[in-house]
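Reader: Please show me the model, and let us then discuss how its parts are arranged.

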Amino acid sequence: RDIPFVMWPQFMKLEEAAECDQHSLNLLGTLQNVKFVAVELTLLSEKRLHSLSGRDFIKKGYSETKRNQMHISEHMARWVGTVVLLQKDKEKLVKTANRWLSVAKMCYEMNNFNTLFEILVGLQQTPVARLLKHEEEYDMKTLDNLRDLTKMDGNYKAYRAALKKKKGRPCVPYFGVLLRDMLCYEEAQPKIKSKFKDGTVWVNLKKVERMGQLVSDALLFKGNRYTKKSNADILKLIEDSMRSARNENALYDMSYKIKPRGT
């Protein structure tokens, strides 16, 4: 699949990841970069959406699709956390977190729900959140507004309502909910209604039609493309920065170095 490295990342060994730390420190260094990063992540998410076909949403291809997409989302969230925790100075750490919130807000304004969710997950990881929860300069108002859009209440009612309004426009839905819907309906409804002694089988046409509609709705978002242009320098910076992403244990180590347990 013709997707840049950044969308199929692997967690690297700690010493190799550390070699890319400077790229992460530079990533959101200017307000201009914040806008460029939001645009680039939106274009990358769009490529990710366009890499999927109808067969990726049915049972045979679903497991691999879910595994791949959840791995990417996990890496994105860890990357967001890493970029914040690399800032040893508390003031710079809070500023970096606020700039991630700005990126998330811009992604929402561009109808990129997937990156919005991934950034919020990254900022709400315990190693990051424990350092931010008592900081007055942390933009809790923006965080709360974005959380209202992504909360799970009512089976993601707020998100689904917002997504519905974006049909017909360039948009990237949240892959986590998209794949979850497929799985829930697949498991909840039997494919075969009944079998008879003579070998006759009644297929659950209602399920087939509904699964077809779910796939059709998912692929419908591929019909409207973004017209924004990619910035090669920012894309390269993102790719290099993402190589610095730490796993969960490393994020806790970074967090405790900044603020020891019990303090």
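**Burial, helices and aromatic pairs**

Author: Gln125 is buried, with a relative accessible area of 9%; buried means under 20% relative accessible area, exposed over 50%, and partly exposed in between (1.4 Å probe, protein chains only). This is a predicted model, in which local features need pLDDT of at least 70 and side-chain atom pairs count only at pLDDT 80 or more, while totals for chains, interfaces and linings use all residues. Residues are numbered from 1 along each chain as its sequence is written, and side-chain values use heavy atoms, with hydrogens and water left out.

Reader: Which residues is Gln125 in contact with, leaving aside its neighbours within four places in sequence?

Author: Gln125 belongs to the loop between α6 (113-123) and α7 (126-132); helices are DSSP runs (H or I, at least four residues), numbered from the N terminus. Contact means heavy atoms within 4.5 Å. With neighbours within four places in sequence set aside, the contacts of Gln125 are Ala77, Arg78, Gly81 and Leu251.

Reader: Is Thr227 buried or exposed?

Author: Thr227 sits in the loop between α11 (205-220) and α12 (232-242). Its C-alpha is 9.4 Å from that of Leu43, although 184 residues separate Thr227 and Leu43 in sequence. Because its relative accessibility is 70%, Thr227 counts as exposed.

Reader: What span does helix α5 reach from its first C-alpha to its last?

Author: Helix α5 covers residues 90-109, which is 20 residues. The expected span of a helix is 1.5 Å times one less than its number of residues. For α5 the expectation is 28 Å, and the helix comes close to it, reaching 29 Å.

Reader: Which residue caps the N-terminal end of α5?

Author: A side-chain oxygen lies 3.2 Å from the backbone nitrogen of Glu91.

Reader: What is the angle between the planes of Tyr252 and Tyr256?

Author: Tyr252 and Tyr256 both lie in helix α13 (residues 248-258), 4 residues apart, about one turn of the helix. Tyr252 is partly exposed at 22% relative accessible area, and Tyr256 is partly exposed at 24%. Their aromatic pair is tilted, with 5.9 Å centre to centre and an angle between the planes of 35°.

Reader: How many residues are in the largest nonpolar core?

Author: A nonpolar core is a set of buried Ala, Val, Leu, Ile, Met, Phe, Trp, Tyr and Cys residues joined through side-chain atoms within 4.5 Å. The members that touch the most other members include Trp79, Trp100 and Leu123. Leu123 is in contact with Trp100 and Val80, among others beyond four places in sequence. The number of residues in this largest core is 67.

Conventions. Helices (H or I, at least four residues) and strands (E, at least two) are DSSP runs, numbered from the N terminus. A polar contact is a pair of N or O atoms within 3.5 Å; within protein, one must be able to donate a hydrogen and the other to accept it, and residues adjacent in sequence count only if both atoms are side-chain atoms. Rings of Phe, Tyr and Trp (its six-membered ring) pair if their centres lie within 6.5 Å; planes under 30 degrees apart count as stacked, over 60 as edge-to-face and the rest as tilted.
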